[in-house]
Amino acid sequence: MRRLLEGRKKCRGLLMAIYEYLCNCCGAFEVQLPFGTAPKAWDCPVCAGAARRVYSAPGFARTSSAIAALRAREEQSREAPAVVSEVPTGRRVHRQPPSALSRLPRP
């Protein structure tokens, strides 16, 4: 995920960003580079294979920890969705049909 670093970190006068790459064998990893200099492919630090760049929305806005946790959970569910083995137990809520249905003619 591309985002500004805390405190607007600079390297040799250039504003740095974090870019995300995806290796087919090892998964996602991040690389810190100056803005606008990220290539389309980068060598994986684990297997040294070519990894493609993943484009995502930059995290410029500061969000609450609750919203950040929801976004992280949503992103995680893309790659590894939670699997439910049974229906959760709990009270079943009985809902009344809309009142407009009671005024309709019955066959």
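1. A residue is called buried here when its relative accessible area is under 20%, exposed when that area is over 50%, and partly exposed in between, with a 1.4 Å probe and protein chains only. By that definition, buried residues account for 14% of the 107 residues in the protein chain. The model is a predicted one, in which local features need pLDDT of at least 70 and side-chain atom pairs count only at pLDDT 80 or more, whereas totals for chains, interfaces and linings use all residues. Residues are numbered from 1 along each chain as its sequence is written, and side-chain values use heavy atoms, with hydrogens and water left out.

2. On the overall layout, the protein chain has 2 helices and 6 strands, where helices (H or I, at least four residues) and strands (E, at least two) are DSSP runs numbered from the N terminus. Along the sequence these follow the pattern β-β-β-β-β-β-α-α. If contact is taken as heavy atoms within 4.5 Å, then 28% of the contacts between residues at least 6 apart in sequence join residues at least 24 apart. The protein chain exposes about 9,400 Å², of which carbon and sulfur atoms supply 55%; accessible areas come from the Shrake-Rupley method with a 1.4 Å probe, and for residues only the protein chains shown count as cover.

3. A nonpolar core is a set of buried Ala, Val, Leu, Ile, Met, Phe, Trp, Tyr and Cys residues joined through side-chain atoms within 4.5 Å. The largest one has 10 residues in all, namely A17, Y19, Y21, C23, F29, V31, L33, A38, C44 and A51. The elements that give two or more residues to this core are β3 (14-23) and β4 (27-34), and β3 gives the most, with 4 residues. In soluble globular proteins, nonpolar side chains tend to be buried together. As for F29, and not counting residues up to four places away in sequence, it touches Y19, E20, Y21, C23, W42, D43, C44, P45 and A51.

4. The aromatic residues deserve a separate point. Rings of Phe, Tyr and Trp (its six-membered ring) pair if their centres lie within 6.5 Å, and planes under 30 degrees apart count as stacked, over 60 as edge-to-face and the rest as tilted. A search of the whole structure finds 2 aromatic pairs. The rings of Y21 and F29 are stacked, because their centres are 6.0 Å apart and their planes at 20°, and both of these residues are buried. The rings of Y21 and W42 have centres 6.1 Å apart and planes at 35°, so that pair is tilted. Y21 has 0% relative accessibility, while W42, at 31%, counts as partly exposed.

5. Strands β5 and β6 run antiparallel and are joined by 3 bridges; two strands pair if DSSP finds at least two bridges between them. They form a hairpin with 6 residues between them, and A41 has R52 in β6 as its bridge partner. Leaving aside neighbours within four places in sequence, R52 is in contact with E20, Y21, L22 and K40. The C-alpha atoms of R52 and E20 are separated by 8.7 Å, although the two residues are 32 apart along the chain.

6. A48, in the loop between β5 (41-43) and β6 (50-54), has a positive phi of about 65° although it is not a glycine. Most residues other than glycine have a negative phi. At 56% relative accessibility, A48 counts as exposed.
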